Amino acid sequence: MLSLSSPWGLVSPAPALRQVSPRLRIEAAKQLTGRVVTTKADKTVGVEVVRLAPHPKYKRRERIKKKYQAHDPENQFKVGDVVELRSSRPISKTKHFVAVPLPPRDTRRKSQLLPPLQSQADDGQQPPPPSAEE
């Protein structure tokens, strides 16, 4: 590692300037989740993202909606689909996100909270039921 000398001793470069490896670049990933509200343009979907923020004067949390244009290269989304928006390079003047499908909400929650059932884990390894031919 390169060390810089100064009148106060040896100083290493700032941590923000360090690279982990030449190929790996660390940057903050902005991800949003929203609902598709329009699919009229080709390869573009309009996604409405809802967040809660406090009112400046009354401090009550209110819903704030913002609409983003996202890239949908295969035109796979329909109005009402829930998608995740991942930040990307600018694709056009207003498109800076790529839409990524999310599984239905119930399946996400169940798969994260519950371990697999024993009957699902032993799929096909159970002994056959006893026959009543005797």
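**Strands, barrel and core**

Reader: Which residue of S6 stands opposite Arg35?

Author: Val82 in S6 stands opposite Arg35. This is a predicted model.

Reader: Why are S3 and S6 called paired?

Author: Pairing needs at least two bridges between two strands. Strand S3 (residues 31–38) and S6 are joined by five bridges, in the antiparallel sense. Five meets the requirement of at least two, so the strands S3 and S6 count as paired.

Reader: What makes S3 and S4 a pair?

Author: Three bridges join S3 to strand S4 (residues 44–54), and the two run antiparallel. The cut-off is at least two bridges, so S3 and S4 pair as well. Val36 stands opposite Val47 in S4. Arg35 stands opposite Glu48 in S4. The hairpin of S3 and S4 has five residues between the strands, and Lys43 there takes a positive phi near 60°.

Reader: How do you know that S7 pairs with S5 and with S6?

Author: Count the bridges again. Strand S5 (residues 61–71) has three bridges to strand S7 (residues 95–101), and these two run parallel. Strand S6 (residues 82–87) has five bridges to S7, and these two run antiparallel. Phe97 of S7 shows both links: Ala70 is bridged to Phe97, and Ser87 stands opposite Phe97.

Reader: What do these strands form together?

Author: They form a closed barrel of five strands, in the order S3-S4-S5-S7-S6, with mixed pairing. The twist averages 50° from one strand to the next.

Reader: How many helices and strands does the protein chain have?

Author: It has two helices and seven strands. From the N terminus on, the order is β-β-β-β-β-β-β-α-α.

Reader: Why is Pro101 called partly exposed?

Author: Pro101 has 48% relative accessibility. Buried means under 20%, and exposed means over 50%. The value of 48% falls in between, so Pro101 counts as partly exposed.

Reader: Where is Pro101, and what does it touch?

Author: Pro101 lies in strand S7. Not counting residues up to four places away in sequence, Pro101 touches Gln76 and Phe77. Pro101 and Val83 are 18 residues apart in sequence, yet 4.9 Å apart in space, C-alpha to C-alpha.

Reader: What makes a group of residues a nonpolar core?

Author: The residues must be buried, come from a set of nonpolar types, and be joined through side-chain atoms within 4.5 Å. The largest such core here has twelve residues, among them Leu32, Val36, Val47, Ala70, Phe77 and Phe97. Two or more residues come from each of S3, S4, S5, S6 and S7. The largest share is three residues, from S4.

Reader: What share of the residues counts as buried?

Author: Of the 134 residues of the protein chain, 16% do. The chain exposes about 12,000 Å², and carbon and sulfur atoms supply 53% of that area.

Conventions. Residues numbered from 1 in each chain as written. Predicted model: local features only at pLDDT ≥ 70, side-chain atom pairs only at ≥ 80, totals over all residues. Heavy atoms only, no water. Helix = DSSP H or I, 4+ residues; strand = E, 2+ residues; numbered from the N terminus. Buried < 20%, exposed > 50% of the residue type's maximum accessible area, 1.4 Å probe, protein only. Areas by Shrake-Rupley, 256 points an atom, 1.4 Å probe, with all protein chains shown as cover. Axes fitted to C-alpha atoms, helices over the stretch in contact; angles between N-to-C directions. Contact = heavy atoms within 4.5 Å.
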